[in-house]
Structures are given as C-alpha cells and as structure tokens.
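Subject: Handover of a structure and summary of findings

Dear colleague,

Please find below the structure that I am passing on to you.

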Amino acid sequence: METKSRHYEFEGAVLDVPLYYDKLADMYIEEYRDFKENPVWTSDGYPLTHAAEDDCPCGDWDDPQEFHDCGSCRYFSLIASDTLIGVCRREMPVQHRRKK
Ligand code: SF4
C-alpha cells in the first residue's frame with residue numbers, strides 16, 4: 001500500500017508527517033507524532049507541538065475558560081495554514097531548552 005506523507009521545513013525544523021485516508025471524510029488526514037516523546041525543534045530551539053496538545057503550566061490564555069490547549073495559547077503559532085502543527089515560542093527555563 002502506498003504511504004503518503006507531507007514534508008515540512010520550518011525555521012530549521014524538518015519533518016515528514018504521514019497521511020492516512022479517512023473514508024468518512026473522504027480525504028487524507030495528517031497523522032501526528034507525539035511531540036513529547038519524539039520532539040522536533042526549530043534551529044532557534046523552540047519546540048514544535050500540536051494545537052490539540054493539552055496545556056502546560058507555562059501557557060497563557062486570554063480566555064479564562066477551564067480547559068486549554070496549545071492551539072489557544074498565546075505562545076503558539078501554526079507552521080502552515082493546512083496543518084495543526086505549530087511552534088511554541090514560550091521562553092523555557094534553561095534546563096528545558098534544547099542544547100544547540
Ligand atoms: S504553546 Fe507552549 S506554553 Fe503554550 S500551552 Fe503549549 S507548550 Fe505550553
């Protein structure tokens with residue numbers, strides 16, 4: 001069976017995202033990795049994450065709702081218009097940053 005994927009290059013981060021065919025939606029959909037277990041960073045050391053990822057204690061939101069995710073956090077921005085992958089631009093404590 002043919003495997004489809006989508007290739008992204010964003011600020012030094014390079015990744016291929018597998019696509020699977022969803023019969024109900026009749027379209028190919030990106031299958032996202034667990035960025036916590038398999039992290040990807042930009043060349044400036046910012047981590048990629050997913051819009052639906054659960055919030056972290058360092059997030060910041062305008063909306064005081066109870067449930068938050070990365071996609072609604074002010075530090076999150078998408079890497080492209082047709083994906084849910086984005087970059088977290090929160091300045092992390094030194095011990096959590098990627099070593100360059
Ligand atoms: S975008 Fe970054 S700071 Fe915001 S909730 Fe996600 S991981 Fe935390």
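Predicted model: local features only at pLDDT ≥ 70, side-chain atom pairs only at ≥ 80, totals over all residues.

Asp26 belongs to the loop between β2 and β3, and its phi is positive, about 55°, although the residue is not a glycine.

Overall architecture

The protein contains six strands and zero helices, which gives the pattern β-β-β-β-β-β along the sequence. The C-alpha trace spans about 45 × 35 × 20 Å along its principal axes. Of the 100 residues in the protein, 30% are buried. When contacts between residues at least 6 apart in sequence are considered, 39% of them join residues at least 24 apart.

The sheet of β1, β2 and β3

Three strands make up an open sheet with antiparallel pairing, in the order β1-β2-β3. The edges are taken by β1 (4–10) and β3 (27–30); each has a single partner strand, so one side of each lacks a neighbour in the sheet. On average, and with direction ignored, neighbouring strands of this sheet are turned by 35° against each other.

The antiparallel pairing of β1 with β2 (residues 13–22) extends over seven bridges. Within it, Arg6 stands opposite Val17 of β2, and Glu9 has Val14 of β2 as its bridge partner.

β1 and β2 form a hairpin with two residues between them. Glu11 is located in the loop that joins these strands, and its phi is positive, near 45°, in a residue other than glycine.

Three bridges connect β5 and β6 in the antiparallel sense, and Phe76 stands opposite Cys88 in β6.

The nonpolar core

Which residues make up the largest nonpolar core? It has 12 residues in all: Tyr8, Phe10, Ala13, Leu15, Val17, Phe35, Val40, Tyr46, Leu48, Ile79, Ile85 and Val87. At least two residues of this core come from each of β1, β2 and β6 (85–88). The largest share, three residues, is supplied by β2.

Val40 is one of the core residues. Not counting residues up to four places away in sequence, Val40 touches Ala13, Val14, Arg33, Phe35, Tyr46, Pro47 and Leu48.

Is His68 buried or exposed? His68 is buried, because its relative accessible area of 10% is under 20%. Gln65, by contrast, is partly exposed at a relative accessible area of 36%.

Leaving aside neighbours within four places in sequence, His68 is in contact with Asp54, Asp55, Trp61 and Asp63. Gln65 and Asp44 are 21 residues apart in sequence, and their C-alpha atoms are 31 Å apart in space.

Which residues are around the ligand? They are Asp55, Cys56, Gly59, Trp61, Cys70, Cys73, Tyr75, Phe76, Cys88 and Arg90. By class, this shell comprises seven nonpolar, one polar and two charged residues. Two of the residues listed, Asp55 and Trp61, are also among the contacts of His68. The facing residues Phe76 and Cys88 of the β5 and β6 pairing are likewise part of the ligand shell.

With kind regards

Conventions: Residues numbered from 1 in each chain as written. Heavy atoms only, no water. Near = heavy atom within 4 Å. Nonpolar A, V, L, I, M, F, W, Y, C, P; charged D, E, K, R; others polar. Buried < 20%, exposed > 50% of the residue type's maximum accessible area, 1.4 Å probe, protein only. Pairing = 2+ DSSP bridges. Helix = DSSP H or I, 4+ residues; strand = E, 2+ residues; numbered from the N terminus. Axes fitted to C-alpha atoms, helices over the stretch in contact; angles between N-to-C directions. Core = buried A, V, L, I, M, F, W, Y, C linked by side-chain atoms within 4.5 Å. Contact = heavy atoms within 4.5 Å.
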